[in-house]
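Please keep the sequence and the model at hand while reading.

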Amino acid sequence: MLSEKKIPFQVTEIDLKNKPDWFLEVSPYGKVPVLDHDGELVYESAVINEYLDETFTDVPMMGATPAERANLRIWIDFCNTRIQPGLVSVLRAEPGEFEAKVQAFEESLAMLEDYLAQNGTPDPFFAGKRFTLVDATYAPAFERFATLRQLRGYEIPGRFARVRRWMDNLAAHPSVQAHAIPLEELVANYTGFLPESVRQHVA
Ligand SMILES: N[C@@H](CCC(=O)N[C@@H](CS)C(=O)NCC(=O)O)C(=O)O
């Protein structure tokens, strides 16, 4: 998002298993990310993204009309409430519940696939030629899909062709590539958050 808009920034990494006191003071939910823009503290990634889009307007990343903006927000919310939690629930599923978690996750993927098909996208992005906040939201979520293959042997099925194409388009996009996290690092991070029973199973 920041690179797409060419906004200079500095990143401070937080050890989420050992959060420093200063971090808990600036992050009321104790979660990353938090934005500090000249002392203005903003948290929750969807809120941060809208704040940045409204503050740095050279490269607009929302819709032009209320209806377009509402539609983009619906799909941003879909990522945050369905896709991202779905991914985590498959990743963390106990062996006995794995199939059910995959099925629920695939119901969300099917809704996304249907929307893309009905709208003739990705072309190459969610809303067409312009990279929007929807793309900025899904890019890091899609990047984490590779941990499913690595840790749980699960691959997004070929019938979700448009979702897969969108994932490939985003992975190839320069501002996304610039911040790609190496797969080993992602896998190491997520392995740390697996329940003990699952960690033994995938080890
Ligand atoms: N709704 C939040 C979710 C953020 C979130 O879950 N962050 C995770 C890392 S990806 C975190 O900080 N977890 C630490 C914790 O919950 O203790 C957002 O989009 O900013």
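Where is the place of Glu44? Glu44 sits in the loop between strand S2 (40-43) and helix H2 (45-55), where helices (H or I, at least four residues) and strands (E, at least two) are DSSP runs numbered from the N terminus.

## Basis of the report

This is a predicted model, in which local features need pLDDT of at least 70 and side-chain atom pairs count only at pLDDT 80 or more, whereas totals for chains, interfaces and linings use all residues. Residues are numbered from 1 along each chain as its sequence is written, and side-chain values use heavy atoms, with hydrogens and water left out.

## Backbone exceptions

Most residues other than glycine have a negative phi, and most peptide bonds are trans. Against that background, Glu44 has a positive phi near 75 degrees although it is a residue other than glycine. At 39% relative accessibility, Glu44 counts as partly exposed, on a scale where buried means under 20% relative accessible area, exposed over 50%, and partly exposed in between (1.4 Å probe, protein chains only). Lys6, also not a glycine, has a positive phi of about 55 degrees; Lys6 lies in the segment before H1 and, at 73% relative accessibility, counts as exposed.

Two peptide bonds are cis: that from Val32 to Pro33, with omega near 5 degrees, and that from Thr121 to Pro122, with omega near 10 degrees. Pro33 belongs to the loop between helix H1 (21-26) and strand S1 (34-37), while Pro122 belongs to the loop between H4 and H5.

## Helix H4

Helix H4 (residues 98-118) has 21 residues and spans 30 Å from its first C-alpha to its last, close to the 30 Å expected at 1.5 Å a residue, the expected span being 1.5 Å times one less than the number of residues. Its buried residues are Phe98, Val102, Phe105, Glu106, Ser108, Leu109, Leu112, Glu113, Tyr115 and Leu116. An α-helix has 3.6 residues a turn, so residues three or four places apart point the same way.

The cover over the buried residues of H4 includes helix H3 (66-91), helix H5 (133-152) and helix H6 (161-172), contact meaning heavy atoms within 4.5 Å. Just after H4, Gly120 takes a positive phi of about 65 degrees.

## Helix H5 and its kink

H5 has 20 residues and reaches 29 Å from its first C-alpha to its last, close to the 28 Å expected at 1.5 Å a residue. A kink of about 30 degrees lies at Ala139, shortly before the proline Pro140; the bend at a residue is the angle between axes fitted to the seven residues ending there and the seven starting there. H5 is mostly covered, with 15 of its 20 residues buried, and just after H5, Gly153 takes a positive phi of about 65 degrees.

H5 and H6 pack at an angle of about 100 degrees, with their axes 9 Å apart; axes are lines fitted to C-alpha atoms, for helices over the stretch in contact, and angles run from 0 to 180 degrees between N-to-C directions. That makes H5 roughly perpendicular to H6, where angles under 35 degrees count as roughly parallel, over 145 as roughly antiparallel, 65 to 115 as roughly perpendicular and the rest as oblique. Val134, Asp135, Tyr138, Ala139, Phe142 and Phe145 of H5 meet Val163, Trp166, Met167 and Leu170 of H6. These contact residues divide into nine nonpolar, no polar and one charged, with Ala, Val, Leu, Ile, Met, Phe, Trp, Tyr, Cys and Pro counted as nonpolar, Asp, Glu, Lys and Arg as charged, and the others, Gly among them, as polar.

The axes of H5 and helix H8 (residues 183-192) come within 9 Å and cross at roughly 70 degrees, and the two helices are therefore roughly perpendicular to each other. Their contact is made by Glu143, Arg144, Ala146, Thr147, Gln150 and Leu151 of H5 and by Leu183, Leu186, Val187, Tyr190 and Thr191 of H8; these residues divide into six nonpolar, three polar and two charged.

Glu184 is in helix H8 and is exposed, with a relative accessible area of 60%. The C-alpha atoms of Glu184 and Thr147 are separated by 8.9 Å, although the two residues are 37 residues apart along the chain.

His179 is found in the loop between helix H7 (174-177) and H8, and at 41% relative accessibility it counts as partly exposed. Leaving aside neighbours within four places in sequence, His179 is in contact with Ser3, Phe9 and Glu143. His179 and Pro140 are 39 residues apart in sequence and 9.3 Å apart in space, C-alpha to C-alpha.
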